[in-house]
Amino acid sequence: MLAIEKLNQFYDESHTLWNLDLDVPKGQCTCVMGRNGVGKTTLLKAVMGEVAVKNGKLRYTTETGEIELTKKAVEERSRLGIGYVPQGRQIFPLLTVEDNLRTGLAARSDGLKKIPERVYELFPVLKEMKNRRGGDLSGGQQQQLAIGRALVIEPKMLILDEPGEGIQPNIVAQIGQVIRRLINEDGLTVLLVEQKLPFARKYADRFVIMDRGRPVAKGEISELSNELIKQHLTV
Ligand SMILES: Nc1ncnc2c1ncn2[C@@H]1O[C@H](COP(=O)(O)OP(=O)(O)OP(=O)(O)O)[C@@H](O)[C@H]1O
Ligand SMILES: [Mg+2]
């Protein structure tokens with residue numbers, strides 16, 4: 001679905017992603033892990049076009065063929081079916097839940113102006129609370145809203161940055177189950193950053209561990225050994 005090849009990214013002089021290669025297979029959940037500050041968010045932003053890259057390729061494959069993304073604007077990447085849920089959620093606290101979801105519609109390629117029913121089916125709480133202000137929701141509900149907003153474009157690939165961060169466990173589990181439903185029922189491809197091991201083990205298919213801007217280990221999630229965890233993930 002997405003092949004990342006020899007990606008290099010800098011914040012001014014600071015070399016953050018180093019010749020990074022990463023494959024995101026279609027219809028699976030690939031979980032990027034790694035300690036704080038290793039470049040996980042930067043990688044997702046580079047895929048979305050929110051940070052510029054120095055060089056490398058982002059080869060994105062859809063039914064209509066392969067597209068190289070690095071020169072495409074953020075909005076174009078959304079229109080190609082890439083949904084993005086940023087770290088820290090970033091919903092609009094003063095807008096209603098429904099209006100928050102509507103802001104996502106601008107990125108649809110077909111101009112549809114209606115929130116797809118599927119979003120409310122996956123997150124019934126958003127329907128119940130559609131007239132409430134985003135800022136009135138709990139942290140977990142805001143995360144569901146942020147995911148719902150990314151889903152209104154009915155993406156082919158969904159990118160999530162630490163969706164479980166600072167959220168109560170029952171909602172984290174609900175989010176994990178929604179991710180699996182989207183994969184199993186809709187054929188979605190997921191690129192996830194998550195540091196919570198039980199979450200990764202339960203909901204991801206593959207893992208990639210990053211250290212200082214490069215992948216240092218990867219494999220099927222069942223191959224994520226205690227040794228790898230000790231070496232690269234515990235502080
Ligand atoms: N806008 C920026 N300008 C300059 N440096 C930045 C910027 N954003 C991030 N960095 C630096 O780039 C490095 C990678 O940051 P990034 O946010 O990608 O890490 P991360 O793996 O997502 O960390 P965390 O687990 O804390 O979310 C860090 O050293 C960070 O301080
Ligand atoms: Mg981050």
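Donors to a metal are here N, O and S atoms within 2.8 Å of the metal (3.2 Å for Na, K and Ca), and since water is not among the atoms, sites may look incomplete. This is a predicted model, in which local features need pLDDT of at least 70 and side-chain atom pairs count only at pLDDT 80 or more, whereas totals for chains, interfaces and linings use all residues. Residues are numbered from 1 along each chain as its sequence is written, chains are lettered from A and ligands numbered from 1 in the order in which they are written, and side-chain values use heavy atoms, with hydrogens and water left out.

The magnesium ion (ligand 2) is coordinated by Thr-41 through OG1 and by Gln-87 through OE1, at 2.0 to 2.3 Å. This pair links distant parts of the chain, 46 residues apart, with Thr-41 in helix α1 (residues 40–48) and Gln-87 in the loop between β6 (82–85) and α3 (97–105); helices (H or I, at least four residues) and strands (E, at least two) are DSSP runs, numbered from the N terminus. Gln-87 is partly exposed, with a relative accessible area of 25%, on a scale where buried means under 20% relative accessible area, exposed over 50% and partly exposed in between (1.4 Å probe, protein chains only).

Ligand 1 has 13 residues around it, of which Asn-36, Gly-37, Lys-40, Thr-41 and Thr-42 come nearest; a residue counts as near a molecule or strand if one of its heavy atoms lies within 4 Å of it.

| Residue | Distance to an oxygen atom of ligand 1 |
|---|---|
| Asn-36 | 3.0 Å |
| Thr-41 | 2.8 Å |
| Gln-87 | 3.0 Å |

Helix α1 is mostly covered, seven of its nine residues being buried, among them Lys-40, Thr-42 and Leu-43. The helix is followed by Gly-49, whose phi is positive, near 90°.

An open sheet of six strands has the order β6-β7-β8-β3-β9-β10, with mixed pairing, where two strands pair if DSSP finds at least two bridges between them. Its edge strands are β6 and β10 (214–220), each of which pairs on one side only, and the twist averages 15° from one strand to the next. Helix α6 (residues 139–151) packs on the sheet, touching β6 and β7 (157–161), and its direction makes about 165° with that of β6; axes are lines fitted to C-alpha atoms, for helices over the stretch in contact, and angles run from 0 to 180 degrees between N-to-C directions. Within the sheet, strands β3 (residues 29–33) and β9 (residues 206–211) run parallel and are joined by four bridges, and Met-33 stands opposite Ile-209 in β9.

Val-152 is found in the loop between α6 and β7 and counts as buried, at 0% relative accessibility. Its contacts (heavy atoms within 4.5 Å), leaving aside neighbours within four places in sequence, include Leu-101, Leu-105, Ile-115 and Pro-116. Val-152 and Pro-116 are 36 residues apart in sequence and 6.1 Å apart in space, C-alpha to C-alpha.

Arg-180, in helix α7 (residues 169–186), is likewise buried, with a relative accessible area of 18%. Its side chain makes a polar contact of 3.1 Å with that of Asp-205, a polar contact being a pair of N or O atoms within 3.5 Å; within protein, one must be able to donate a hydrogen and the other to accept it, and residues adjacent in sequence count only if both atoms are side-chain atoms.
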